Amino acid sequence: MKTQNNFAHFSRGGKLSNPYLKFTKVDAETAKKAFTPQELKQIMDMFVYFDKTGNSTIKRDDLGFALRAIGYLVTTIEIRELGMYLDPKKTQILNFEQFITACYNVRNRKPNKQEIINALKIFEKNKSGYIDIKEIKSIITKIGDVLNLTEFDIVISEITQSQNGYIKTDDLVNLLIMQ
């Protein structure tokens, strides 16, 4: 399954020329088998929590909150695309089968490494293979699905930084595609 991420989206000027995520058509039973019993319980518990009416459905608008509450890192665009995929008739409600399919697709998405590399290359000085931390921090904390400064610092702490304030582009790419 080929997916794209925020950097690829940003590099195209914010226009979605292709679907943001490519979804795997999978039935709910197959999706359920992909999770451990503990993961499945967590997914079920979260679904029940967001089922405010008790009719075994959640609002499509709650999809992102529910996925994030489980621990999935999903962007606003991914949530929108996933909602449109799961609810093509625009009923604005999702049943458990649709929700478990969403969890399956989010969990099994794969980033497109080449698109991330291409997007980050524009931030390299003289095609050096290094990116200025201050510049990338400014972008990631202000544009698109932003990270706050603390989140950025936590993410960037995983990368070895040079003494002059730069990080290797490859190190950032590898961190971004780490599953």
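1. The lining of the second largest pocket consists of four nonpolar, two polar and three charged residues. Here Ala, Val, Leu, Ile, Met, Phe, Trp, Tyr, Cys and Pro count as nonpolar, Asp, Glu, Lys and Arg as charged, and the others, Gly among them, as polar. The residues concerned are K25, V26, D27, A28, Y85, L86, E97, Q98 and T101. A pocket is an open set of points on a 1 Å grid over the protein atoms alone, where a 1.4 Å probe fits, with protein on both sides within 12 Å along at least five of seven lines; lining residues have an atom within 4 Å of a point.

2. This is a predicted model, in which local features need pLDDT of at least 70 and side-chain atom pairs count only at pLDDT 80 or more, while totals for chains, interfaces and linings use all residues. Residues are numbered from 1 along each chain as its sequence is written, and side-chain values use heavy atoms, with hydrogens and water left out.

3. Helix 6 gives the largest share of the lining of the second largest pocket, namely three residues. Helices (H or I, at least four residues) and strands (E, at least two) are DSSP runs, numbered from the N terminus. T101, one of the lining residues, belongs to helix 6 (residues 96-107). T101 counts as buried because its relative accessibility is 7%; buried means under 20% relative accessible area (1.4 Å probe, protein chains only). Leaving aside residues up to four places away in sequence, T101 touches V26 and L86, where contact means heavy atoms within 4.5 Å.

4. L120 is located in helix 7. With a relative accessibility of 0%, L120 counts as buried. L120 and D170 are 50 residues apart in sequence, yet their C-alpha atoms are 9.4 Å apart in space.

5. Helix 10 (residues 169-177) has T169, L172, V173, L175 and I177 as buried residues. The buried residues of this helix pack against several elements, including helix 7 (113-121), helix 8 (133-140) and strand 4 (166-168).

6. The protein as a whole has ten helices and four strands. Of its 179 residues, 41% are buried. Among contacts with a separation of 6 or more, 64% join residues 24 or more positions apart.

Key: Buried < 20%, exposed > 50% of the residue type's maximum accessible area, 1.4 Å probe, protein only.
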